[in-house]
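These are my notebook entries on one structure, kept in the order in which I looked things up.

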Amino acid sequence: MLKDEIERIEEAGADLLHLDVMDGHFVPNLSFGLPVVEAVRRVTDLKLDTHLMISDPGEYIEAFKKAGSDSLTVHFELTTHGIDLDALIGQIQDAEIECGLAVNPETPVVALFPFAARCALLLVMSLVPGFGGQSFIPETTQKLRQLSQWLNEGEMSVPIQVDGGVTAENAASCVDAGASLLVAGSAVFGAADAGEAIRRMRP
């Protein structure tokens, strides 16, 4: 059951829960939506870090806030769908909820630079969202390092998150490259001992 799994991960020492919301349009896969976010909120006090891989996130900001999301991460690639990213970030901030901004593997991290100062986190995807069975893209560490260096040079303390294929085997290289938030799915939820899996990923 969902409640049991969340309790298991919470007891294992997870810092937050990263919730992937996919609409089958912005990305190929379709995942859960508001009802599941509400259900998760009812059974945990952990931060709900909600990753919106949907084409029209501006329509649902208040609904996700009401459902219990503490932060909403949207994609830079929405700009190719005609979305005004400045306005969208403003909408999220006006709702008094944290705003994150993500880039897909094919998008250079320089795309994040104009928006970084307004974000609570910057997410670098380490696989193509919406497709299963992928492995961590090794070039991601170079992107993490480039973003981290730019933030340091600008004396900006925005956390860098990495998501996709993160395991105990590549976690250290992600942290060394500048990531401070590691999103791990099957590496933790699929582990017999989730606590040990999390401990192995911590710096």
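What percentage of the 203 residues in the chain do buried residues make up? I find 47%, where buried means under 20% relative accessible area, exposed over 50%, and partly exposed in between, with a 1.4 Å probe and protein chains only.

Entry 1, basis. I am working with a predicted model, in which local features need pLDDT of at least 70 and side-chain atom pairs count only at pLDDT 80 or more, while totals for chains, interfaces and linings use all residues. I number residues from 1 along each chain as its sequence is written, and side-chain values use heavy atoms, with hydrogens and water left out.

I list eight helices and seven strands in the chain; helices (H or I, at least four residues) and strands (E, at least two) are DSSP runs numbered from the N terminus. The radius of gyration is 16 Å, close to the 17 Å of the globule rule for 203 residues, so the chain is as compact as a globular protein of that length. I took this radius over C-alpha atoms, and the rule is 2.2 Å times the number of residues to the power 0.38. The C-alpha trace spans about 40 × 35 × 30 Å along its principal axes. I also looked up contacts (heavy atoms within 4.5 Å): among those between residues at least 6 apart in sequence, 62% join residues at least 24 apart.

I read an open sheet of seven strands in the order β1-β2-β3-β4-β5-β6-β7, with parallel pairing. Two strands pair if DSSP finds at least two bridges between them. The edge strands, β1 and β7 (181-183), each pair on one side only. Neighbouring strands are turned by 25° against each other on average, direction ignored. Between β1 and β2 (residues 47-53), which run parallel, I find seven bridges, and L19 stands opposite T50 in β2. Helix α5 (residues 140-153) packs on the sheet, touching β5 and β6 (160-163), and its direction makes about 160° with that of β5. For these angles, axes are lines fitted to C-alpha atoms, for helices over the stretch in contact, and values run from 0 to 180 degrees between N-to-C directions.

Which residues of α1 (residues 2-12) are buried? I find I6, I9 and A12. They cover an arc of only 125° around the axis, which puts them on the same side of α1; the arc is that of the directions from the helix axis to the C-beta atoms. Their cover includes β1 (16-22), α2 (34-43), α7 (186-189) and α8 (194-201). G13 follows α1 and has a positive phi, near 105°.

I count eight, each a side-chain nitrogen of Lys or Arg within 4 Å of a carboxyl oxygen of Asp or Glu. One of them joins R118 and D86 at 2.8 Å, N to O. R118 lies in the loop between β4 (98-103) and β5 (121-125) and D86 in helix α4 (residues 85-94), so the pair ties together parts 32 residues apart in sequence. R118 is partly exposed at 31%, as is D86 at 42%.

Another joins E169 and R200, with the closest N and O atoms 3.2 Å apart. E169 lies in helix α6 (residues 168-177) and R200 in helix α8, so this pair ties together parts 31 residues apart in sequence. E169 is exposed, at 62%.

Within helix α8 I note R199 and E196, three residues apart, about one turn of the helix; their side chains meet at 3.4 Å, N to O.
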